[in-house]
Amino acid sequence: MSLQLSQDMIYYLLIAIAVALTIYFLLETTTKPKEPETETKELLTCPKCGYSVEKTFEPGDFIGMIKGNVQNVEHHYESKQYTT
Amino acid sequence: MPSSEWDFIVQIFWIIFFIMIFTGANQRIQMKLWSMDIRNKLNIIKRMVDEDKEKIASYMRNMGLRNPEIVLKKAMDFFTIDPVDVEPTDIIRRMDHLIRTSDRSFRLLIEQALPSIGRYERSLVETSVSIVAALHMIYKVVRHYLLTGEKENNWILLMQLELLMPQIMRTVNTYHKAIDAFSKGKPVGDSVGPLIAYRLIESGKVVSKRVIDETSIYEVRLDDRRYYVIKAEGPGSNVGHPGKVLADLVDELNGNIDLIITVDAALKLEGEETGEIAEGVGAAIGDRGPEKIAIERAATKYRIPLRALIVKMGLPEAIQAMRKEIYEAAEITVEYIRKMVKELTPRNSTVIVAGIGNTIGVPG
């Protein structure tokens, strides 16, 4: 009687392990790593005084583009850097 | 559960198992599962193609085109037939002719549809349309193999397609995301070559500039040497013809050049770092043949040392907006080139540096 009971216990344990492993592998293969959010930025730098400010990219901008004046000074901002 | 019932279940399971093995039903179930999975992924590709097509169509509508669908349909079915390769005589000349004719025809198609827009905008439209066409082609090919596999019950074909699907999906995602950079004019990873060339031009004193065949040639005085810097004419989406232009320049200078350096983006192997710089020998240019062979022939004709520098990156990084690591690698490469030239050539020597790649977002 006790032998029968322990055999049943082993069956149940094996079934539980099999189900747990199946669920684990299914989850492992279906969950995809989330891609990091990216944003393109441009670093506007004044070649004369070195003052720089980071801004969000605007369509049509390109590296080396002259983009307005530095505040209160007659220097120009030059688009220097793009990052994502 | 009593053991007799358990034994009965196990026996039924084995009987079903053997019936399936002998009748091949297991293969049919497996085939059905593969074909369902491929079909789901194909639907994802279709959605991406439709989304990108609509994005480009609305972009063209904003530029004044009434029925962009007609142009898009024509552009998507546009093809170029490879030259005959069983007879290799003249193959480079024939290939060059076909590539140029194909480029010109595609440009003309967009030009006729949008005659009033500038060259910069037109180059962005051209490249974006080419990307959508490439995506559409992938969709058509996957659909073809899926339908053929289903029609002929070819489980090997379906299995191969199923195993290839993750790679195909990655490529499709990469192209889908690249549309953003190319439609807005953002510099991409492949622009690293032209960016290095541009930084080199900025570092020295420009003596002269000319544009031949959509490719800029700058004569620059830098570090007591005469540099000829070659890059595609920017800032539009353009790769120019750096090989042909370099070869003509070498001939024009009667081969009086001490060193030729080509700089390009190169696909990294898995495990390598993005933005890694490597130095080697040869022509660093990823074209189909005509441009690369022109550089090799020019260097060989006059026995000019031909050095190559590459900046490593993955395919997604090469055709999507330029990452900070690649931008920083470009800055380092400029210093690398200057040091290399100082070490390899005496003062007052002449050096050619060609920045290879798409110059989108990089002027000059």
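Q: Is B:Asn153 buried or exposed?
A: In this predicted model, local features need pLDDT of at least 70 and side-chain atom pairs count only at pLDDT 80 or more, while totals for chains, interfaces and linings use all residues. Residues are numbered from 1 along each chain as its sequence is written, chains are lettered from A and ligands numbered from 1 in the order written, and side-chain values use heavy atoms, without hydrogens and water. Buried means under 20% relative accessible area, exposed over 50%, and partly exposed in between (1.4 Å probe, protein chains only). B:Asn153 has a relative accessible area of 53%, so this residue is exposed.

Q: Where does B:Asn153 lie?
A: Phi of B:Asn153 is near 50°, a positive value in a residue other than glycine. Helices (H or I, at least four residues) and strands (E, at least two) are DSSP runs, numbered from the N terminus. In those terms, B:Asn153 lies in the chain B loop between helix H5 (119-151) and helix H6 (155-184).

Q: What is the relative accessible area of B:Asp90?
A: B:Asp90, too, is a residue other than glycine with a positive phi, near 70°. Its place is the loop between helix H3 (68-76) and helix H4 (91-113) of chain B. B:Asp90 counts as partly exposed because its relative accessible area is 40%.

Q: Which peptide bond is cis, with omega near 10°?
A: Look at the chain B loop between S3 and helix H8 (242-252), where B:Pro235 lies. The cis bond is the one from B:Gly234 to B:Pro235.

Q: Which residues does B:Ile337 touch, not counting residues up to four places away in sequence?
A: Contact here means heavy atoms within 4.5 Å. In general, nonpolar side chains in soluble globular proteins tend to be buried together. With that sequence exclusion, B:Ile337 touches B:Ile196, B:Leu200, B:Tyr227, B:Ile261, B:Val263, B:Leu309 and B:Val353.
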